[in-house]
Amino acid sequence: MKDKIDSVGIVGLGAYLPEKTLTNFDLEKIVDTSDEWIKTRTGISQRRIASPEMATSDLAVLAANSAIKNSGIKKEDIGLIIVATVTPDMMMPSTACFVQAKLGIKEAACYDLNAACSGFIFAVIAASQYIANNTYKYALVIGAEVLSRFVDWKDRSTCILFGDGAGACILGKVNEPGILSAHTGGDGTLAHLLKIPAGGSRLPMSHKALDDKLGFLKMEGNEIFKIAVRAMANAAEKALSKAGLSCKDVDCLIPHQANIRIIDATVKKLGISKDKVFLNIAEYGNMSAASTAVALCEAVAKGKIKKGDILVIVAFGGGLTWGAIVLKW
Ligand code: UT7
C-alpha cells in the first residue's frame, strides 16, 4: 500500500438508522442487566433495531441514496460499490450486488469486504486506490450491519452492545488534498476472540449448531478490550506520521464506537482533548462496520468538522483488525 493517497477525497456522505429504538430499560426486561451497568461499563443508552423485513442491503441502499444526493454526482458515474459488513444478506452473492441492483447502477463492480468493525476504513482505503489510479471515477463505500439478527438475545455480555445501521460515502478525485494517509493491520492469531462460529465451511449450519447457538456472535470482551486501546492508538499515530502530522494537528477524531471506556483510554494515550472526539455510542451502540461511517456522516452534518480540518478515523475489530485514515476536510 502506498503511504500517501493523493487527491482522493470524500465528496458525499449519507446514513440510515432504523426507527426502532431498544433502550437499556427494554433490555432489563430481556436479560439480567441494568441501565446503570450498561451505561457505566459501555457508555451505551440505546441502540437501533432493523425492522424484520429489512436486510443489510436495504439499510445500505438508504444510506447510499442519501450519500449520492449529498454528493450531487450522477449515480451512473459510480464504477465501484464496496459494502463493508459482517452481517451480509446471505452467504452468496455479496450484499454489494443487491445494493447495485436496487440502486440501478448497471455494470458497477461490486463486492463485500469483511474486516469486522474496521471494515469501513479498509473499504475506503481499497476504493481510494481505484480512484487514484483512474480505474473508476467515483466509488460508493458503505458500512452496513444488521447485528441484531446475529446476537444471542439471552447473552447479556454481548446483546447489550450491538445495534443496526448504515453509513455511506462517495469517493472521487478532489482538487485539494483529501485522504492524506492511512494505516491498517491485523492479527489473525486472535481470531477466536470475536466470531460467529457456524454457517461457514468450517462448521456448516446444522440442527446441532443451531441448538448450540453457534450461529450467534461469540466474544471474549475482556481480552479484546485490552488490545483495542493499543491497536487504535498505534493505528492513529502511524497514519498521522505517514502524513507528516502528529496528534497535536488533529481537529476531529472519529473512533469506532465500541465502548466509551475504550475510546476514553485511547484518547488519553494519544493526548487528544476530549472535545475533539466525536461520539454517538450512547444513541446507537456498536454498529461494527457502520459505526465509523455513520459517525463521520453525523459529525459533518452537525458541523463538528469544518473545511481544512485534519480528521482521523480509527477503528479496531474482529479478526483482529485495525486501521486509521487521516483526511484533510
Ligand atoms: O467492536 C469490537 C469488538 N468488541 C468490543 O470492543 C468489546 C470490548 N469489550 C468490552 O467492551 C467489555 O469487555 C464489555 C462491555 C463486553 C464487558 O465489560 P467488562 O468491564 O470487561 O466486564 P466483564 O466482562 O469483566 O464482567 C464484569 C462483571 C461480570 O460479573 P462477575 O463475574 O464479576 O460477577 C459479568 O458477569 O459484569 C457482569 N456482566 C454484566 N452485568 C450486568 C457482564 N455483562 C453484564 C451485563 N449486565 N450486561
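Modeller: A polar contact is a pair of N or O atoms within 3.5 Å; within protein, one must be able to donate a hydrogen and the other to accept it, and residues adjacent in sequence count only if both atoms are side-chain atoms. The model is predicted: local features need pLDDT of at least 70, side-chain atom pairs count only at pLDDT 80 or more, and totals for chains, interfaces and linings use all residues. Residues are numbered from 1 along each chain as its sequence is written, and side-chain values use heavy atoms, with hydrogens and water left out.

Biologist: How far is the polar side-chain atom of Asn-222 from an oxygen atom of the ligand?

Modeller: Thr-33 places a side-chain N or O atom 2.7 Å from a ligand nitrogen. For Trp-37, the distance to a ligand oxygen is 3.4 Å. For Asn-222, the distance to a ligand oxygen is 2.9 Å.

Biologist: What percentage of the ligand's area does the protein bury?

Modeller: Accessible areas come from the Shrake-Rupley method with a 1.4 Å probe; for residues, only the protein chains shown count as cover. Taken alone, the ligand exposes 950 Å². The share buried by the protein is 72%.

Biologist: Which helix gives the largest share of the shell around the ligand?

Modeller: Helices (H or I, at least four residues) and strands (E, at least two) are DSSP runs, numbered from the N terminus. Helix 2 (35–42), helix 6 (156–159), helix 8 (221–242) and helix 9 (260–270) each supply at least two shell residues. The largest share is four residues, and they come from helix 8.

Biologist: Which residue is the bridge partner of Leu-311 in strand 13?

Modeller: Strand 12 (residues 310–317) pairs with strand 13 (residues 321–328) in the antiparallel sense, over eight bridges. In strand 13, the partner of Leu-311 is Leu-327.

Biologist: What is omega for the cis peptide bond from Gly-319 to Leu-320?

Modeller: Most peptide bonds are trans. Leu-320 lies in the loop between strand 12 and strand 13. The bond from Gly-319 to Leu-320 is cis, with omega near -15°.

Biologist: Where is Glu-107?

Modeller: Glu-107 is not a glycine, yet its phi is positive, near 75°. Its place is the loop between helix 4 and strand 5 (109–113).

Definitions and conventions:
Pairing = 2+ DSSP bridges.
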